[in-house]
Amino acid sequence: MTLSTTSGAVSADARMITMTVNGKVRKGLAEPRLLLTDFIRHELGLTGTNVGCEHGACGACTIRVNGQIVRSCIMLAVQADGAEVETVEGIAVNGEFSPLQEAFHEEHGLQCGFCTPGMLMTAQVLLDKNPDPTEAEIRDHMSGNICRCTGYQGIINSVRCAARKLQQNSAADPATNGSAR
């Protein structure tokens, strides 16, 4: 027996999984060996998470699962059943660029844009934990993400710019928690 999903036919071994993605409960069928990257892209239609090396080395597929940085190309979709998942599509605030996205635009933190979703997700985690990172802390935290275009300085400048923006927003609105969103 086969079942049908948005990504095509699946076997009887597929199971329905549920996760909260960017604040919304989402469900879909997943084969036991389906990668989380493929589930997010093909079953949920969220194509911002890129597939790069498929070995967890490049960082293009970086997302957050239950608040932790995860390489979605080396995690099975069924492992995320019941999890809180954040993808790059969830960074924007009410359809507007977040301060982090603005900073990447202003400081030329992207060129081809392929690594950008993973860079944004990784930088967001850093800024959530450390709202005023040094350049060395930024370089260290971002070191697991590969960019083949920028030479990294624009990315470092973008994260520093985002930190300044978030600090300004926090100073202007004491109710703000300093989050990168």
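Predicted model: local features only at pLDDT ≥ 70, side-chain atom pairs only at ≥ 80, totals over all residues.
Trainee: Why is I63 called buried?

Mentor: Buried means under 20% relative accessible area. I63 has 0% relative accessibility, so it counts as buried. This residue is found in strand β5, residues 62-65.

Trainee: Which residues is I63 in contact with, leaving aside its neighbours within four places in sequence?

Mentor: Among them are L36, I40, T49, V70, V85, T87 and M121. Contact here requires heavy atoms within 4.5 Å.

Trainee: What makes R64 and E86 a salt bridge?

Mentor: The rule asks for a side-chain nitrogen of Lys or Arg within 4 Å of a carboxyl oxygen of Asp or Glu. The closest N and O atoms of R64 and E86 are 3.9 Å apart, so the pair meets the rule. R64 is in strand β5 and E86 in strand β7 (residues 84-86), 22 residues apart, so the pair links distant parts of the chain.

Trainee: Are R64 and E86 buried or exposed?

Mentor: R64 has a relative accessible area of 9%, so it is buried. E86, with a relative accessible area of 12%, is buried too.

Trainee: How do you know that D128 forms a salt bridge with R64?

Mentor: By the N to O distance again: the closest atoms are 2.8 Å apart, and the limit is 4 Å. This pair also links distant parts of the chain, with D128 in helix α3 and R64 in strand β5, 64 residues apart.

Trainee: Why is D128 called partly exposed?

Mentor: The class lies between under 20% and over 50% relative accessible area. D128 has a relative accessible area of 32%, so it is partly exposed.

Trainee: What about R139 and E135?

Mentor: Their side chains meet in a salt bridge at 3.1 Å, N to O. Both lie in helix α4, 4 residues apart, about one turn of the helix. An α-helix has 3.6 residues a turn, so residues three or four places apart point the same way. R139 is partly exposed because its relative accessible area is 35%. E135 is partly exposed as well, at 28%.

Trainee: Which residues of helix α2 are buried?

Mentor: In α2, residues 99-106, P99, L100, Q101, A103 and F104 are buried. The buried residues of α2 pack against α3 (116-129) and α5 (153-172). Just after α2, H108 takes a positive phi of about 60°.

Trainee: What makes a set of residues a nonpolar core?

Mentor: Its members are buried residues of the listed nonpolar kinds, joined through side-chain atoms within 4.5 Å. The largest such core has 22 residues, of which L100, F104, M119, L127 and V159 touch the most other members. The elements giving two or more residues to this core are α2, α3, α4 (135-142) and α5. The largest share, 7 residues, comes from α5.

Trainee: What does F104 touch, not counting residues up to four places away in sequence?

Mentor: G109, L110, T116, M119, L120, I155, S158 and V159. A second, separate core of 18 residues includes I17, L36, V65 and V85.

How values were computed
Residues numbered from 1 in each chain as written. Heavy atoms only, no water. Buried < 20%, exposed > 50% of the residue type's maximum accessible area, 1.4 Å probe, protein only.
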